[in-house]
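The sequence and structure are shown first, and the description follows.

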Amino acid sequence: MISIVRDLAAEALFVSDLQPSQFPSRQAVERAVTAMILLHGSDGCAAEVATEFGDHPDIAVRRMHWVNTELTGVLAPRRATVSH
């Protein structure tokens, strides 16, 4: 189940307008993923990713690498800060 959620988030972030050069915050990534899922649905996000890999494979591979790097930070468990 977790991998399905991660895959959907990756597809949604991939089709978003966010760019690596923007160094988006965790909140920006979360908003972009949510917006793309609401706009395109899960099938629509997957279809757009497939189209990009077919049309521009070199660029798509680099973007998906960035997407996976971003999601590693976003999907990592949040650690509570301990104050002494």
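## Core and helix packing

Not counting residues up to four places away in sequence, Val67 touches Ala10, Leu13 and Phe14. The model in which these contacts occur is predicted. Val67 also belongs to the largest nonpolar core, a set of 19 residues, where Leu13, Phe14, Val29, Val67 and Leu71 touch the most other members. At least two residues of this core come from each of the helices H1, H2 and H3.

The protein has three helices and zero strands, and its pattern along the sequence reads α-α-α. The helices span the following residues.

| Helix | Residues |
|---|---|
| H1 | 2-15 |
| H2 | 26-55 |
| H3 | 57-75 |

Two packed helices are described by the angle between their axes and the distance between the axes. For H2 and H3, the axes come within 13 Å and cross at roughly 150°. Because angles over 145 degrees count as roughly antiparallel, H2 is roughly antiparallel to H3. The crossing of H2 past H3 is left-handed.

On the H2 side, the contact is made by Arg26, Val29, Glu30, Val49, Glu52, Phe53, Gly54 and Asp55. These residues meet Pro57, Ala60, Val61, Met64, Glu70, Leu71, Gly73 and Val74 in H3. The residues of this contact comprise nine nonpolar, two polar and five charged.

Across the protein as a whole, 29% of the 84 residues count as buried. Among contacts with a separation of 6 or more, 74% join residues 24 or more positions apart.

Conventions. Residues numbered from 1 in each chain as written. Predicted model: local features only at pLDDT ≥ 70, side-chain atom pairs only at ≥ 80, totals over all residues. Heavy atoms only, no water. Axes fitted to C-alpha atoms, helices over the stretch in contact; angles between N-to-C directions. Helix = DSSP H or I, 4+ residues; strand = E, 2+ residues; numbered from the N terminus. Parallel < 35°, antiparallel > 145°, perpendicular 65-115°, else oblique. Left-handed = near helix turned anticlockwise from the far one by under 90°. Contact = heavy atoms within 4.5 Å. Nonpolar A, V, L, I, M, F, W, Y, C, P; charged D, E, K, R; others polar. Core = buried A, V, L, I, M, F, W, Y, C linked by side-chain atoms within 4.5 Å. Buried < 20%, exposed > 50% of the residue type's maximum accessible area, 1.4 Å probe, protein only.
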